[in-house]
Structures are given as C-alpha cells and as structure tokens.
Amino acid sequence: MAVDREWWQEAVVYQIYAQSFNDSDGDGVGDLPGITAKVDYLDELGVDVVWLTPVYDSPLADNGYDIRDYRSIHGDYGTMEDWERLRDALHARDLRLVMDLVVNHTSDEHEWFERSRRREGKYEDYYYWREEPPNDWESLWGDSAWTYDEERGEYYLHLFDVKQPDLNWRNPDVRADIYEMMRWWLEKGIDGFRMDVINLVGKPDPIPEDPDGPRWGGDHFATHETAHEFIREMDDEVLSEYDVMTVGETPRVSVDDARKFTTEDGLDMVFQFEHMHVDQHPEDPWARTEFDLREFKRIMSRWQTGLGQGWNSVYLGNHDQPRTVSRFGDDGEYRTESAKALATFLLTLGGTPFLYQGDEIGMTNVPFDTLDEHRDVWTHDEIEAALDTGRIDSFDEIADQVNYWSRDNARSPMQWTAAENAGFTAGEPWIKVNPNFPEINVAAARGDRDSVLYYYRDLIAVRAEHDAIIYGDYSQIAAENDDVFAYTRTLDGERVLVVIDFVGRAGRFALPDGVEREGLELLVANYGIADPDPTEIDLRPWEARVYHDE
Ligand code: GLC
C-alpha cells in the first residue's frame, strides 16, 4: 500500500516554553536569541518542528496567552529581528517553526478591547458584552466568567482570566481581522499554528442561562457546531493556501468532533484531553485520583483507532500539565527507566508526537515550598476563589495537591548544566529552578550514553526509519493486563510490536496467542537485554521493548 505522506505526519514536534528555555541577556527570562543559540541542540536531538509558545506583546497576565499585539514581539523575548533570526536558523537546519495562535480571547489591553469598551464603530461587538451576567458561569480558574467594565458600563465574558476577554467570533469583522493577522504571519514564512482552545471560539447564540450544570463556562458548549463552521471558514479563507501544519488545542473534545475537525474542517490534528483527565477528579481540580492503566489504555486506544481518515496527535505533557515522568512514571528510583518507557510510548503510537522541553532529559516536578514560589495566574486565582468561597481555610490544606498539579512544574527553567541556575540565566530566574539540576541536566545527559536524552535521539531516528511506526495500523494486545501497555503497528508486511511496563511492577509478560512471534527482532529497549525472545518476558520495572519484523 502506498502511503499518502505529509511532512507533519512524519515530524516530531518539540515544544518550547519561551520564558523558560534559555536566557541570553541575563534578565532572568528566556528569550529568542537564547533559543537560536540552542538550535544545534534541537537538530542533534532530531526533532523536526518547534512549536513556540506565545512571544507576542502582552501584559503577561497568563504568560503571554493574553496578547496585546499580535504583530509584535514582547521586549522580554527580544525583537522581530531576533524572531526572524530564529526562523532562519531553524530553516537553515530543516527545522520548521509553528507559532501559537491565541484567538479565542485577547488581552484586555489589546486595542480591539480598548475600542470595544468605548463602543467605537465596528469594535462595539468584538467581545461578549451584557448589561447583566446572563448566567453564573465561572472562568476556568474559579471566579465569575463575567466581569463588570466601568468604562463601558457592562459585563464582558472571559472563560479564562479577567484579563482575557473572549472575542465574539460571530462577528464577521472579528474573523476577518484574525484571518488577516494569520496571513501576515504565514507570509513571514512560518510553518503552522498551534491553536489555543480553538474549539471554544464557537459559542451558542444567545449565550444560554444554564442555571444548572458544570461550573466552567467552557463546559457548557465545547465543542459547539459553530466551532466547526468557523474553522472550516478559516481553512477556506487562509490555511488551504499554505503548506503548513495545524494542531487545535480542543479541551473536552470527543473522538467524533475530532474526526470532523480533521477530516472535514481542515485541521491537521487536535490535542484531545481525555488522557489528561485520567488521574484528575472530575469535580475537584486539585484532587488526584489513582492512575488506572486499563482506563488509560482504553482512552488511548480509542483515539488511536477512532479518527478514521483523520490524523492524531500524541502528547504526555506540556506547559499546562505536571511533568510527564512525575505524573505517569516514577521520578524517584526509576526516573531514567520510566522516562525512557514514556519516550517509547510517545514515539511509537500513531499520530504526530509532541515532546515538551525538558522531558528529553527526564525533568521532574518542582518541590515548591510556599505559595509565593508559584508564578501561575491559575494557581493564584483558584486559591483566591477557594478561600473566598470558604472551600478551604488556608493554602496549606491543599499545598501538596497544588504543588503536584501546578503548571509551574513544567515551567521551571530548562536544566542545561550543573552551573548556577542550571545554566539557564546569568541573572535572577523569573521562576524557581528545580533544585535537582546538578544531577538532571543536558550536559550530564550528553556525557552518558545511557541517558534519557540519547534514548530520545535513538528513538526519534528509529521512528523516522520505520513507516509502520508512522503510518501503521494500531492494534492493542493484552488489553486486560493491568500493568503492561502492549500494541502492534502494522503496515503492509512490516510489523512493530511494543511492550511497556507502564506501572513499574510488571513481572512476567506472555505474548498472547494469536500474535505471531516468528521473525520478531529487537529494535530498541530501555534495558540491556540478554534474551530477546518476546514470547515470555520477565519485565523489569518500567521495561520497554520495541520489536520489529519485515
Ligand atoms: C491554553 C493554554 C494555556 C492558557 C489557556 C488560556 O489552554 O495552553 O496555557 O492558559 O489556553 O489561553
């Protein structure tokens, strides 16, 4: 079977959280020249695409997901010339650059909002304004989703922070302005967009009263049918003219909606969230439930097989989630083995893998000591709301849970060396450096052929060489096994078998009847292996093996 190839299907994406990657000028904040200085590192790792989180002008209420000017770069990160140099440095090494598109909302300091609050001409209806809040929706972070604006004398909707008013996508002028801005970036030679909470742009009309139901406003309509319409229009008007990659961040998306987005509406792929909820309490955002591997396998397998002709994305962490190895692996005794096991998983599933900065060296959650050490607006908003409503009496009551879930775990500076501040900055870092940097850092990983970093490099290379890993059919085996995640990927005559101890206690694993074992050869493993026969394996904690036959 001839495969229909797309570069973004074969790519491995590396996500850079700009504030925390590399600081070139000693102000404690990562910046664009800092990233440019590390392009060789990315090239060596073997990734193909960089997704850069927002570096646009912004008051940084939500670390740049609150954009004040879509067409300029925030001074902390450098200048537009710095951005162009980064683009060129990436392109010179055949790496592509994907920008974050944040258009469900702007900053309240964006010119559109300022003009809207003054009811200026066409801007009057650029946002959701109401004389009275039509419902009691909350923002994602716990306070009311409707805030009164003195100047306009009305309430506006914000599904996120009070400084992130939601744009009114029903207004064609809003959409036209957004499309023009997208074209502007595309003409600057970018290679795609990661689209922030893009399934929230379609909202019901009128905004419903919804007296009952979930607390977060977004839960009342994600994914609304107009989200499909608007994204299809965006594709017709803009994206279809360019050979770029698009990935929509789509909270609460169902497999059916994801299939529609990726087969009918023009998105290349979406980020689904079901596997991110597997250990999260449905009502209490800070409570952690026990990880249930069978449930996790069901979810991942449904997404592997449910998209029809649509394409999948795969991720285990990003700037909004705890560190991958602390969450799904073991960040203590088996940190290295489990980080490699998770790498094996990320890079052998169907769909484009998204690797988050630092995961390639097995960076862990941060031991935060006080609330003050947290920088994230979400953490502070949630805690304030919980204190206000009497849900908690003090932060200490939920400190452990907050420290576990905090998005700042993933936002601590990239650990480059064992030198001061992990080699991230010569100044005072904007956020706490994980104190484990003397052991866990890129320089140490480079000096150790058995490191997580080398394993990623090897696996990324293996992935690129095997079409079955990229395009093969997925089939889960041993679905009832509580400890092992195992599957095959098959394309024409080629077959890849993956066996991973996903909980660190597997023991003996017997390949189920019906799985042909003849001809399977070991391709990659995270432990030294004396007996490569896959028929009966005595799996060591977090052992991962990839076999192959042709
Ligand atoms: C997305 C971003 C997150 C941000 C939110 C609001 O979920 O990934 O960081 O806070 O949207 O823009």
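These are my notebook entries on a predicted model, taken one region at a time.

**Ground rules**

I number residues from 1 along each chain as its sequence is written, and side-chain values use heavy atoms, with hydrogens and water left out.

**Entry 1**

I began with strand β5, residues 96-101. Helices (H or I, at least four residues) and strands (E, at least two) are DSSP runs, numbered from the N terminus. I found 5 of the 6 residues of β5 buried, where buried means under 20% relative accessible area, exposed over 50%, and partly exposed in between (1.4 Å probe, protein chains only).

Which strands pair with β5? I count two strands as paired if DSSP finds at least two bridges between them. Strand β2 (residues 49-52) runs parallel to β5, with 4 bridges between them. In that pairing, W51 has V98 of β5 as its bridge partner. Strand β9 (residues 192-195) is also parallel to β5 and is joined to it by 3 bridges. There I noted D100 bridged to R194 in β9.

**Entry 2: strand β19**

Next I looked at strand β19, residues 536-539. In a regular strand the side chains alternate between the two faces of the sheet. In β19, I537 and L539 point to one face and are buried. Strand β17 (residues 507-510) is antiparallel to β19, and 4 bridges join them.

**Entry 3: the ligand**

Which residues come nearest to the ligand? Of the 14 residues around the ligand, I listed D62, D196, E249, H319 and D320 as the nearest. A residue counts as near a molecule or strand if one of its heavy atoms lies within 4 Å of it. By class, I recorded 4 nonpolar, 3 polar and 7 charged residues in the shell. For these classes, Ala, Val, Leu, Ile, Met, Phe, Trp, Tyr, Cys and Pro count as nonpolar, Asp, Glu, Lys and Arg as charged, and the others, Gly among them, as polar.

I then looked up polar contacts, which are pairs of N or O atoms within 3.5 Å; within protein, one must be able to donate a hydrogen and the other to accept it, and residues adjacent in sequence count only if both atoms are side-chain atoms. The side chain of R194 has an N or O atom 3.0 Å from an oxygen atom of the ligand. For E249, a polar side-chain atom is 2.8 Å from a ligand oxygen. For D320, the corresponding distance to an oxygen atom of the ligand is 2.5 Å. The protein covers 96% of the 310 Å² of accessible area that the ligand has on its own. Accessible areas come from the Shrake-Rupley method with a 1.4 Å probe; for residues, only the protein chains shown count as cover.

**Entry 4: Q164**

I placed Q164 in the loop between β8 (154-157) and α6 (172-187). Is Q164 buried or exposed? Q164 counts as buried because its relative accessibility is 0%. Its side chain makes a polar contact of 3.0 Å with the side chain of D62. The Q164 side chain also reaches the backbone oxygen of Y65 at 2.9 Å. Leaving aside neighbours within four places in sequence, I found Q164 in contact (heavy atoms within 4.5 Å) with D62, Y65, D66, H105, T106, W141 and H158.

**Entry 5: the loop between β3 and β4**

L60 is in the loop between β3 (56-57) and β4 (69-73). L60 has a positive phi of about 60° although it is not a glycine, and I noted it as partly exposed at 25% relative accessible area. N63 lies in the loop between β3 and β4, has a positive phi of about 50° without being a glycine, and is buried at 14%.

**Entry 6: from β9 to α7**

In the loop between β9 and α7 (225-237) I looked up D212, which is exposed with a relative accessible area of 63%. The C-alpha atoms of D212 and W137 are separated by 9.6 Å, though the residues are 75 apart along the chain.

I noted a cis peptide bond from D205 to P206, with omega near -5°; P206 is in the loop between β9 and α7. The bond from A222 to T223 is cis, with omega near 0°, and T223 is in the loop between β9 and α7.

T226 is in helix α7 and is buried, at 5% relative accessible area. Beyond its neighbours within four places in sequence, T226 is in contact with R170, G202 and K203.

Methods
Predicted model: local features only at pLDDT ≥ 70, side-chain atom pairs only at ≥ 80, totals over all residues.
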